[in-house]
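Visitor: Hi, I'd like to talk through a model with you. Can you put it up on the screen?

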Amino acid sequence: MLLVVLAWILGAGSLVLFVVLLWFGSLGVLELQVADKALLAWDAGLCLVFFLQHSILVRRSVRDAMRNYLPQHCQGVAYTITSGVALLTLELLWQRSATNLYVLRGTGRVAMGALLVLALAGFVWGIGSLKRFDAFGIEAYLAHRAGKQVPAMPLTIRGPYRFVRHPFYAFGIVALWATPVLSVDRLLLNVMFTGWIVLGATLEERDLEAEFGEEYTQYRRAVPMLVPRPWRGWRHGTMPLETVKR
């Protein structure tokens, strides 16, 4: 149960703190007295550490290779714990640049706040559209402990999945750029995370196509990856997008 508690604390806690970082900027835990170039290099290094941990361990081929050392039912919880540590490290050690590209006040700040809230609401919409949502791997771990088997996750094509194939990534990009203060370090964060999200979504497509086969191929043809386009898929009836399919 200690693993479950750690997964919840590190998984949920790091995500909540990331939203705080997005809105308020650096948390000021560590302040390096260095030039902007060195500061930005430090921040870029923190991003790369998180990207490498997150992207390598999520790949299906890597998880398959790890089965001899870490049972499959433990992998989700272990991944959540290591991801939480990597993200918390980024959040606590992030450095703020003194140079701002823009600062919005009044109506502009309210508009950005509303956009961030809408992005977070989109995450809730996406979670509600799934039959199951075991983001931290806890369900699979507890099911194994209880001698039960968790059914395979179906291919979901409802809610925001009717409009984009990766709604969590799409809402994540919106949340990144919904900032009332764009400092140089925040621009670095936004550009690096946006690029990583697009690359990660592209790589994930291979795993999804391998898992769901022709169904996902048809879905991919009908629905855009990240940017919704009203003339694609759901209006033309190329797929029964109002259903949840396996």
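**Core and pocket**

Guide: Keep in mind that this is a predicted model. Let's start at C47: setting aside neighbours within four places in sequence, C47 contacts L90, W94, L189, M192 and F193.

Visitor: OK, and which residues touch the most other members of the largest nonpolar core?

Guide: C47 is one of them, along with F18, F50, F51, L90, W94 and F193, in a core of 30 residues.

Visitor: Which helices supply at least two residues each?

Guide: That would be helix 1 (2-24), helix 2 (36-58), helix 4 (72-93), helix 5 (107-129), helix 7 (167-177) and helix 8 (184-212).

Visitor: And which helix gives the most to this core?

Guide: Helix 8 does, with six residues.

Visitor: What does the second, separate core include?

Guide: That one has 10 residues, among them L130, Y161, F212 and A222.

Visitor: Switching to pockets, what volume does the second largest pocket have?

Guide: About 160 Å³. There are 15 lining residues, and L21, W23, F24, G25 and R96 are the closest to the pocket's centre.

Visitor: Where does the largest share of that lining come from?

Guide: From helix 1, which provides four residues. Helix 1, strand 3 (181-183) and helix 8 each supply at least two residues of the lining.

Visitor: How many nonpolar, polar and charged residues are in the lining of that pocket?

Guide: Seven residues of the lining are nonpolar, four are polar and four are charged.

Methods:
Residues numbered from 1 in each chain as written. Predicted model: local features only at pLDDT ≥ 70, side-chain atom pairs only at ≥ 80, totals over all residues. Heavy atoms only, no water. Core = buried A, V, L, I, M, F, W, Y, C linked by side-chain atoms within 4.5 Å. Buried < 20%, exposed > 50% of the residue type's maximum accessible area, 1.4 Å probe, protein only. Contact = heavy atoms within 4.5 Å. 1 Å grid on protein atoms, 1.4 Å probe; cavity = no way out; pocket = protein on both sides within 12 Å on 5 of 7 lines; lining within 4 Å. Points joined across faces, edges and corners; volume = space filled by probe spheres on them. Nonpolar A, V, L, I, M, F, W, Y, C, P; charged D, E, K, R; others polar.
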